[in-house]
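Hi everyone, thanks for making time. Have a look at the structure on the screen, and I'll walk you through it.

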Amino acid sequence: MRKTHRPLTTVALALSLFMAALEMTVVSTAMPTVVSELGGLQSYAWVFTAYMLSSTVTVPIYGKLADLYGRKPVLLFGIGLFLAGSILSGLSTSMNMLIAFRTLQGLGAGAMQPVALTIIGDLYTLEQRAKVQGVFSGVWGLAGLVGPLTGGLIVKYLTWHWVFFINVPVGLGALALLVVFFHEQVQHKPQKLDYAGAALLSAGVVALLFGVQGLGRNLLALPVGIVLLVAFVLVERKVAEPVIPMSIFKIPAIAISSVAGALFSAAMFGATTYVPLYVQGVLGGSATLAGGMITPMIVGWPVASLFAGRLLLKTGFRPLIVGGLGLTVIGTGAMALLLKPQSSLLIPELAMALFGIGLGFTATALLIAVQTSVGWELRGVATASHMFFRTIGGALGVGLMGGVVVSQLLKDPRVPVAAANELLGPEHGRGLPPAVFQALSGALGTGLTINFWIICAACVGAFTAGLFFPRVKRGEGVTLSSTDAAAPH
């Protein structure tokens with residue numbers, strides 16, 4: 001059995017995460033321009049939620065498959081699917097095509113981040129992991145720096161289609177390094193995947209998303225989603241190989257991490273989705289300026305995470321989690337109060353930086369706490385479950401906020417929603433009749449301001465959950481062997 005080349009495998013994993021991080025920043029910057037060209041502002045949220053929804057429902061499935069059949073084949077499959085979705089998204093000629101191919105892209109993304117982070121948990125000890133996670137957060141920082149600028153330059157000098165094509169060389173490089181340098185020894189067992197649980201989970205999340213985005217227009221979606229998810233929990237408690245073992249939530253660190261992760265991810269994805277829309281649609285700024293508003297958040301995250309990795313072994317998990325979430329409350333509250341048409345953008349940018357710093361402290365501590373709480377044979381599903389709650393929080397949060405924006409635009413029946421697309425074009429709606437322009441801009445601004453307060457409320461909820469975070473002991477709650485016998489060699 002050949003040994004894993006740990007440095008080059010780590011490079012491959014960093015490339016995978018860089019691709020996912022770059023995708024978020026570049027697409028957020030370019031999306032207002034995409035909408036102005038393809039039309040369909042009412043479908044704006046679906047470009048993000050379709051991606052997050054498909055990645056959300058597959059995260060725990062990929063995590064379970066990684067525990068059963070090994071990390072390598074699952075990660076390779078995910079990267080390949082992500083690249084296929086990226087190419088097809090770049091070739092889209094309508095919003096419906098773009099939403100469909102973003103769904104395919106998300107099906108691949110569901111494997112990339114949780115499995116890559118699980119491999120890091122396999123390759124490094126707790127002491128090493130705290131430092132490596134800080135380095136990996138530097139990947140997000142690099143993406144945060146180059147993403148908005150790259151997105152703005154692509155939109156200005158090429159076409160928006162290239163924001164998807166830039167993933168291809170990065171993904172091919174990651175695939176090549178993993179194939180050649182990452183090797184693992186897995187003990188295959190005759191186990192069956194829980195198809196019923198996977199189907200109930202997928203259907204329940206889809207119904208829930210339709211419910212929150214409909215804001216009362218889809219009356220049956222919410223109760224149907226709740227019923228399906230309750231059925232999912234009941235099924236998971238009885239099957240031999242559940243997609244998400246309910247027993248892991250008996251571990252307080254995992255249970256609280258799930259709640260806090262879902263809430264702060266709703267805030268994070270809400271900010272990256274709707275702050276650029278506010279800058280272009282309400283303030284009339286460029287795509288580059290719109291991306292620049294979220295750059296402080298995305299840069300502040302890895303900077304704080306780098307320090308968090310070093311502080312973790314000295315302070316423990318709880319101080320970093322509570323302190324970080326406290327900073328997110330201050331940052332998002334300041335953003336909701338100060339991001340106004342008549343105010344300077346410098347103060348909201350500083351608020352976004354504070355928000356990102358808080359996220360960096362929190363996300364690093366929560367992830368390592370989850371991985372530390374279990375052994376190898378549960379690490380994949382525990383990591384994936386944590387990422388699942390983070391992605392479902394993001395998907396539901398963005399969906400809810402999309403519903404708020406659409407409901408505000410639909411309030412005045414005399415104003416056509418389709419005209420709102422012109423607010424995001426290069427002329428920023430100057431060709432519209434003044435009354436229509438004022439009504440649309442006001443409705444969009446009102447909806448987005450409500451969203452900023454929703455983002456702040458999500459951070460307050462996450463901070464409240466963090467106050468109950470327990471002390472974490474290595475291997476807490478593990479009933480199986482905690483040896484790393486099946487770890488990469």
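A word on areas before anything else: accessible areas here come from the Shrake-Rupley method with a 1.4 Å probe, and for residues only the protein chains shown count as cover. On that basis the protein chain exposes about 18400 Å², with carbon and sulfur atoms supplying 70% of it.

Now the ground rules. This is a predicted model, where local features need pLDDT of at least 70, side-chain atom pairs count only at pLDDT 80 or more, and totals for chains, interfaces and linings use all residues. Residues are numbered from 1 along each chain as its sequence is written, and side-chain values use heavy atoms, with hydrogens and water left out.

So how is the chain built? The protein chain has 15 helices and zero strands; these are DSSP runs numbered from the N terminus, helices being H or I with at least four residues and strands E with at least two. Of its 489 residues, 61% are buried, where buried means under 20% relative accessible area, exposed over 50%, and partly exposed in between (1.4 Å probe, protein chains only).

How far can we trust it? pLDDT is the predictor's confidence in each residue, from 0 to 100, and the chain's mean is 79, with 82% of residues reaching 70 or more. Helix 12 has the highest confidence, at a mean of 91, and helix 5 (residues 126-157) the lowest, at 70. Over residues 474-489, pLDDT stays under 50. Where pLDDT is low, the predicted coordinates should not be read in detail.

Let's zoom in on Ser265, in helix 10 (residues 252-281). Is Ser265 buried or exposed? Ser265 is buried, because its relative accessible area is 1%. Beyond its neighbours within four places in sequence, Ser265 is in contact with Gly270, Arg390, Gly393 and Gly394, contact meaning heavy atoms within 4.5 Å.

Finally, let's go to the surface. Leu337, Leu338, Leu346, Ile347, Leu350 and Trp453 form a nonpolar patch there, with about 590 Å² of accessible area together. Helix 12 (317-338) and helix 13 (346-372) are the elements that give two or more residues to the patch, and helix 13 gives the most, with three. Trp453 sits in helix 15 (residues 434-466), and Trp453 counts as partly exposed because its relative accessibility is 40%.

That's my tour, and I'm happy to take questions!

Methods
Patch = residues over 30% accessible without salt bridge, like charges linked within 9 Å, V, L, I, M, F, W, Y side chains within 5 Å. Salt bridge = Lys/Arg side-chain N within 4 Å of Asp/Glu carboxyl O.
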